[in-house]
Structures are given as structure tokens and as C-alpha cells.
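Welcome! Please have the model open as you read this short report on how some of its parts pack together.

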Amino acid sequence: MASSISTSLNFTLQHSSLTPSLTTRRKISVRCGPRSNRGPLVKGRILSIEAIQAIQALKRAQRTDPTQIEPQISKTLNRLIKADLIAAYKELLRQDLCDLALKVFPFVQSECDVPDLGLYADMVLALTRTGLTQHVDELICGLEKEGKIQCDDDKGLVRLVRALVEGEQVESTVRVYELMKRSGWGSRFEIDEYVAKVLRRGFKRFGKEELADEVDGQLQRLYPVILGKQ
């Protein structure tokens, strides 16, 4: 009897020494759903029910009957307030639905008193990312038809110029620069140092030495000390 108890005790001790403690913590990676190449949601902006429904209606029309896209745009977007319209536009770009975003873009700009350069930059970046760069020149031609550009919108202007330069959009970069000059950049509006530097580097990369020297001259005139230290 004693031998049986001893054997049972030894087996229990050996078994417990081989079994991991229940309190041992292990890190487990959990993946929810398939991976996606979509970008992150726009920080600080949650899509409204109306914006979500508009996006779904446009995607459904594109999938089932593309001839209904234009009617759906008129039907759904006209009911959105400006903030929801812009949020829906950016969500289409986030999902790389550039074909739809291009059709929505005129409605978005119609809600702006002046061309929103930041929204143009968003479109250029998305078109470059998705390989639809043939539409960039068309987009900038539309901006030219506005007749002027907001030279005092330094943030939007630098985003647009950078998007064009990084996307290797030579002609569109030149067009925007010429439009900037016609709108008073460097005359009525003081040039922004960072915008000028991005343009200068871009023109040098594109082999547009005369334009690069022109921008360089404006920088030298306004920022001689800063430029001399570079």
C-alpha cells in the first residue's frame, strides 16, 4: 500500500514538472480579416451615415451599371454638406477608387470659394500611387482654367508642388509654376522659401535649368543670407 502511494506521488510530481504553469503568459498575434493596401482613416474625421451611403451607392453603380454613376453623383452628393462631401472624396482616394474620385472632384471644388490646393494635391498623390498619371495633366489643365492660384496658401501650395515633383510630372509642374507667377507669386505675394526650394530642386531634376535659375534668383533676392549658407 505504501509502495503504491509512493509510486503515485512520484508520477504526480514528475507530471507537474513537465506541464507548463497555467500562469505562464504567451504573446499571441491576432489578425482580424484580410490584409489591405488601403491607407489609414483620415485622422479626426469620422464618416457620417450619409457619406457612407453615398460612397456605397457610387461603388454599387460602378460595379453593376457604370452608366448610372453620373446620376448617382447628382442624386447623392447634392444632399451632403461640405464636410461630408470632402470626407467622402478622401475616402474614395483612400480606397484607390480614383475613377470615382475624379468624377466627384468637380462637385467638391464647387463647394470651395477658391480652388483648394490641398484637395488637388490629394488627387495627384492618389493618381501617382495608382499609376493613373495620365489624368494629372488633365487635372492641372482644369486648375489653369480657374485663372489664378492661391499663392498665400503656403501649406496647400507646397503639398501640390511636392506631389507633382515627386510624381515626375514635368509639364504639370511647369504649368503650376507659370500659374503661380501670373497670380502674383514673387510680386504681389512674397515667395515661400520652402516652396521655392522644392521647385528649384524639381526643375534641376527635370533638366529645366533656366526655370531653376529663375527660382534661384528669386530666392537670392529675398533670402540672400539663408541661400548663401547652403
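## Where helix 2 meets helix 5

In this predicted model, L58, K59 and Q62 of helix 2 touch D99, L100 and V104 of helix 5. Sorted by class, the residues of this contact are 3 nonpolar, 1 polar and 2 charged.

Two packed helices are described by the angle between their axes and the distance between the axes. Helix 2, which spans residues 49-64, packs against helix 5 at an angle of about 120°, and the two axes are 11 Å apart.

## Where helix 3 meets helix 5

Now let's turn to another partner of helix 5. Helix 3 (residues 69-77) packs with helix 5 (residues 98-110) at an angle of about 45°, with 11 Å between the axes. That angle makes helix 3 oblique to helix 5. Helix 3 also passes helix 5 in a right-handed crossing.

Which residues of the two helices make the contact? On helix 3 they are I69, E70, I73, S74 and L77, and on helix 5 they are L100, K103, V104 and F107. By class, this contact of helix 3 with helix 5 has 6 nonpolar, 1 polar and 2 charged residues. If you have both contacts on screen, look for L100 and V104 of helix 5: they take part in the contact with helix 2 and in the contact with helix 3.

## Aromatic pairs

How many aromatic pairs does the structure hold? There are 4. A pair of aromatic rings is described by the distance of the centres and the angle of the planes.

One of the pairs is formed by F105 and Y120: the rings are 4.8 Å apart centre to centre, with 80° between the planes, an edge-to-face arrangement. This pair links distant parts of the chain, since F105 sits in helix 5 and Y120 in helix 6 (residues 117-129), 15 residues apart. Are F105 and Y120 buried or exposed? Both F105 and Y120 are buried. Ring pairs also join Y89, F105 and Y120 into a cluster.

Another pair brings together Y177 and W185. Their ring centres are 6.1 Å apart and their planes stand at 80°, so this pair is edge-to-face. Y177 is buried, and W185 is buried as well.

Key. Residues numbered from 1 in each chain as written. Predicted model: local features only at pLDDT ≥ 70, side-chain atom pairs only at ≥ 80, totals over all residues. Heavy atoms only, no water. Axes fitted to C-alpha atoms, helices over the stretch in contact; angles between N-to-C directions. Helix = DSSP H or I, 4+ residues; strand = E, 2+ residues; numbered from the N terminus. Parallel < 35°, antiparallel > 145°, perpendicular 65-115°, else oblique. Left-handed = near helix turned anticlockwise from the far one by under 90°. Contact = heavy atoms within 4.5 Å. Nonpolar A, V, L, I, M, F, W, Y, C, P; charged D, E, K, R; others polar. Phe/Tyr/Trp six-rings, centres within 6.5 Å; stacked < 30°, edge-to-face > 60°. Buried < 20%, exposed > 50% of the residue type's maximum accessible area, 1.4 Å probe, protein only.
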